Amino acid sequence: MLDQIKGLHHVTSLASDAQQNNDFFTKTLGLRRVKKTVNFDAPEVYHLYYGDEMGTPGTVMTYFPFQRARRGRPGTGEVGITQFSVPQGSLGFWTDRLSTMGVKGLSEDTAFGENRLRFQGPDGDGFALVEVAEDGRAPWVTDTVSADVAIRGFHSARMRLRDRGASAELLRFMGYEKQATEGDLTRYAVPGGNDARVIEIEELPGAAPSEQGAGSVHHIAFAVDDRERQLEVRKALMDTGYQVTPVIDRDYFWAIYFRSPGGVLFEVATNEPGFDRDEEPAHLGERLRIPAQHAHLRDILEQRYLPRLHD
Ligand code: ZN
């Protein structure tokens with residue numbers, strides 16, 4: 001069993017409109033845009049990162065906004081709900097705020113003794129805010145979202161699977177321990193992990209498979225401290241029979257990817273070097289950053305492909 005994985009690093013999803021996506025995360029939810037770059041494998045598309053002040057691993061929601069992309073269809077084989085941690089007693093604020101702002105799909109429920117507010121992103125993305133009593137992470141605050149209610153970072157990701165067996169086995173191998181089961185839901189957590197150390201599996205044997213599109217999670221990334229630990233994880237996964245990509249330099253972290261048995265794309269990403277690698281902390285996310293391999297494309301990308309974002 002591995003002990004290098006510390007919880008979530010980031011969650012990456014697909015969107016249909018960059019401006020709408022930017023406004024939802026920075027204005028409605030009050031996160032900080034910590035990086036404005038491009039999809040390294042498809043540089044005509046933005047890669048937008050939202051998180052806490054520094055984009056600490058475990059807080060970072062990222063998007064590929066493919067303009068006018070078709071909406072995905074929720075189902076099995078995907079992360080159905082990305083869940084953020086908020087302070088105890090803050091759901092009243094969020095219910096008022098999100099309903100006033102026209103956010104769809106608001107509903108409250110309780111799971112594993114925690115109060116949750118479910119809501120949808122602009123493309124029908126499945127989200128929830130979960131009230132957590134003890135979450136010491138310092139939040140990013142805005143004029144309208146103060147520290148007593150602000151999002152702390154991820155609480156967890158909930159995968160929807162037809163059968164949880166093989167994925168549960170993989171999570172155990174990755175260092176997760178089963179915590180509890182409640183109906184169709186099972187919760188796993190990494191002992192000694194970061195504040196986003198929970199993964200939930202919702203088992204839905206009869207449900208139809210998801211179709212990826214705008215509003216779908218593309219992959220979830222798990223955090224390791226550094227490249228040395230990443231190589232240990234890569235070797236262990238490959239020795240177990242997983243096909244894992246080589247280490248890929250994503251400028252702000254190094255990444256490896258592999259497909260989990262339930263169909264969800266997993267990434268393992270390093271906590272180094274971080275989002276202040278090429279920008280001052282006070283100005284993270286302001287200017288368009290283009291990785292070296294695509295630097296020669298800057299003019300054409302800005303003029304023809306990437307819609308101008310208004311903050
Ligand atoms: Zn990623």
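This is a predicted model: local features need pLDDT of at least 70, side-chain atom pairs count only at pLDDT 80 or more; totals for chains, interfaces and linings use all residues.
Student: What makes the pair Lys35 and Glu279 a salt bridge?

Tutor: The closest N and O atoms of Lys35 and Glu279 are 2.7 Å apart, and a salt bridge asks for a side-chain nitrogen of Lys or Arg within 4 Å of a carboxyl oxygen of Asp or Glu, so the pair qualifies. A search of the whole structure finds 20 salt bridges.

Student: Why can Lys35 and Glu279 be said to tie together parts that are apart in sequence?

Tutor: Lys35 belongs to strand 2 (residues 32-39), whereas Glu279 sits in the loop between strand 16 (265-273) and helix 5 (298-305), so their pairing links parts that are 244 residues apart in sequence. Both Lys35 and Glu279 are buried.

Student: How do you know whether Arg116 and Asp109, which also form a salt bridge, are buried or exposed?

Tutor: Arg116 has a relative accessibility of 3%, and buried means under 20%, so Arg116 counts as buried. Asp109 has a relative accessible area of 31%, which falls between the cut-offs of 20% and 50%, so Asp109 is called partly exposed. The closest N and O atoms of the two are 2.9 Å apart.

Student: Why are Lys235 and Asp239 classed as they are, by their accessibility?

Tutor: The value for Lys235 is 52% and the value for Asp239 is 58%; because exposed means over 50%, Lys235 is exposed, and Asp239 is exposed too. Their side chains meet in a salt bridge with an N to O distance of 2.7 Å, and both residues lie in helix 4 (residues 227-239), four residues apart, about one turn of the helix. In general, an α-helix has 3.6 residues a turn, so residues three or four places apart point the same way.

Student: Why is His155 called buried?

Tutor: The relative accessible area of His155 is 6%, and buried means under 20%, so the word applies to His155. His155 is placed in strand 9 (residues 153-161), and its side chain makes a polar contact of 2.7 Å with the side chain of Ser156. Among the residues that His155 touches are Phe84, Glu114, Val130 and Arg187.

Student: How do you know that the buried residues of helix 3 line one face of the helix?

Tutor: The buried residues of helix 3 (residues 165-173) are Ser167, Ala168, Leu170 and Leu171. Seen down the axis of helix 3, these residues fall within an arc of 160°, so they line one face. Their cover includes strand 9, strand 11 (185-189), strand 12 (198-203) and helix 4.

Student: What makes strand 13 paired with strand 1 and with strand 16?

Tutor: Pairing asks for at least two bridges between two strands; five bridges join strand 1 (residues 8-15) to strand 13, and five join strand 13 to strand 16, so strand 13 pairs with strand 1 and with strand 16. Strands 1 and 13 run antiparallel, whereas strands 13 and 16 run parallel. His10 stands opposite Ala221 in strand 13, and Ile220 has Phe266 in strand 16 as its bridge partner.

Student: Why are strand 2 and strand 14 (248-249) called edge strands?

Tutor: The open sheet of eight strands has the order 2-3-4-1-13-16-15-14. Strand 2 and strand 14 each pair on one side only, and they are the edge strands.

Terms used. Residues are numbered from 1 along each chain as its sequence is written. Side-chain values use heavy atoms; hydrogens and water are left out. Helices (H or I, at least four residues) and strands (E, at least two) are DSSP runs, numbered from the N terminus. Buried means under 20% relative accessible area, exposed over 50%, partly exposed in between (1.4 Å probe, protein chains only). A polar contact is a pair of N or O atoms within 3.5 Å; within protein, one must be able to donate a hydrogen and the other to accept it, and residues adjacent in sequence count only if both atoms are side-chain atoms. Contact means heavy atoms within 4.5 Å. The arc is that of the directions from the helix axis to the C-beta atoms.
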